[in-house]
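Notebook open, structure loaded. I want to jot down what I look up as I go.

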Amino acid sequence: MKPLLSIIIPVYNVEKYLIQILENLTHQSGLEKCEIICINDGSTDASLEILNTYRLRIANFFIISKKNEGVSVARNVGIDKASGKYVSFIDADDLIHPGAIQVILKYLEEYDPDILSWKYRPFYSNPKYSELLDIKVTEIKNDNLQAFDIMVSKGIAVGIYLKAVRKDIFYNPSIQFDTTMSYGEDMFVSWKCISKAKTIILIDTPLYFYRQSSNSAITRFHKNLYEKYGSAIEDMKLFIKTIGKESEEYTERIDYHLAMRLPSLTMMEYRAPYSNEEKKMRLKMILNDPRIKRALATATLPSSKIFKLAIKGDIEGMLKMAKFNSKIATLLNPLKRILK
């Protein structure tokens, strides 16, 4: 009997956290309806040894070992090997609610959606799980092409780990993680899946717990992020055309979401290892991008200061704000670790 849900876990040198997530999964109810596929992405620490131990303890637990090629390749391999009706993803250093699998399976069986999505909560070392009582769900019919916007407003659009996606959504046309991107690749895969989906169920409860650390992808410099975002945006437009949902409105919304990346793009230029003058030149280039210029001129953007500075073309102000935000984060992180 095929599993209802395939859980894909990329694993690369995470011996520090791996036992915690595997124990977390071991005690979930409903695991007999799932398969767990761990992609050992060329780990050089004890990760594979730990995985082999749990293969003896968890039914339908599979290990695929390969050379190190990055999380996107690992996820693509996992999708290809999955036999479940739905696929979902967990990062090996994160956790899920002790009752997450039972809740996810319940709503997959009850609604049979194309996508089931849920909320997340960040943590540093000890996640605080809430009671799973009075769970509220929302059903989105995706006829008006606004599902991505709705999910953005709820903070659940981007992360692929916040979704169980019907496996056939990933095919015809193919949806894969971009192996050239090291940051933000989740957004475009999620966006494509959402665009193809006809029914989406949203669970208004945190089921995923995201570990915050000083070495996470969000804290590092990612070279040529603007160029990679720009290329992914154009690929998104081609994808929309391929699935027959092309429209001027949808194209404008895609460009709008490129402009919404301005805070990340500004922070990335601030972190860049090149001169201040080059940072200014690149930010000027970004602000002169016709897609971003159009969004800044016509769209209703968040009221945050970074967008106000961008509209005025105040590049120095944008870099100063990025510097300020970086210092504040550095000062607050130790306190957050204590509180969370």
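This is a predicted model: local features need pLDDT of at least 70, side-chain atom pairs count only at pLDDT 80 or more; totals for chains, interfaces and linings use all residues.

I started just past α4, where Asp112 has a positive phi of about 50°. Helices here are DSSP runs of H or I with at least four residues, strands are runs of E with at least two, and both are numbered from the N terminus. Residues are numbered from 1 along each chain as its sequence is written, and side-chain values use heavy atoms, with hydrogens and water left out.

α4 covers residues 100-111, and at 1.5 Å a residue its 12 residues should span 16 Å; the end C-alpha atoms are 17 Å apart, which agrees. The expected span is 1.5 Å times one less than the number of residues.

Which residues of α4 are buried? I got Ala100, Ile101, Val103, Ile104, Leu105, Tyr107 and Leu108. Buried means under 20% relative accessible area, exposed over 50%, and partly exposed in between, using a 1.4 Å probe and protein chains only. A reminder to myself: an α-helix has 3.6 residues a turn, so residues three or four places apart point the same way.

Asp112 came up again when I looked at Thr199. Leaving out residues up to four places away in sequence, Thr199 touches Asp112, Pro113, Asp114, Ile115, Glu139, Ile140 and Lys141; contact means heavy atoms within 4.5 Å. Thr199 lies in strand β9, residues 199-211, and is buried with a relative accessible area of 16%.

Asn13, in the loop between β1 (5-11) and α1 (15-26), has a positive phi near 50° without being glycine. Asn13 is partly exposed at 30% relative accessibility. Asp134 also has a positive phi, near 50°, and sits in the loop between β6 (115-123) and β7 (137-141). Is Asp134 buried or exposed? Asp134 is exposed, at 75% relative accessible area. I also found a cis peptide bond from Asn172 to Pro173, with omega near 0°; Pro173 is in the loop between β8 (163-166) and α6 (185-196).

Met267 was next, in helix α9 (residues 262-271). Met267 counts as buried at 14% relative accessibility. Beyond residues up to four places away in sequence, Met267 touches Ala322, Asn325 and Ser326. Met267 and Lys323 are 56 residues apart in sequence, yet their C-alpha atoms are 8.0 Å apart.

I looked at the second largest pocket too. What lines it? The list is Glu249, Glu252, Arg253, Asp255, Tyr256, Arg291, Arg294, Ala295, Thr298 and Ala299. α8 (248-259) and α11 (290-298) each give at least two residues, and α8 has the largest share, with five. By type, the lining divides into three nonpolar, one polar and six charged residues.

Last, the whole chain. It has 13 helices and nine strands. The radius of gyration is 20 Å, close to the 20 Å that the globule rule gives for 340 residues, so the chain is as compact as a globular protein of that length. That radius is taken over C-alpha atoms, and the rule is 2.2 Å times the number of residues to the power 0.38. The C-alpha trace spans about 60 × 45 × 40 Å along its principal axes. Of the 340 residues, 50% count as buried.

Terms used. On a 1 Å grid over the protein atoms alone, a cavity is a set of points where a 1.4 Å probe fits but cannot get out, and a pocket is an open set with protein on both sides within 12 Å along at least five of seven lines; lining residues have an atom within 4 Å of a point. Ala, Val, Leu, Ile, Met, Phe, Trp, Tyr, Cys and Pro count as nonpolar, Asp, Glu, Lys and Arg as charged, and the others, Gly among them, as polar.
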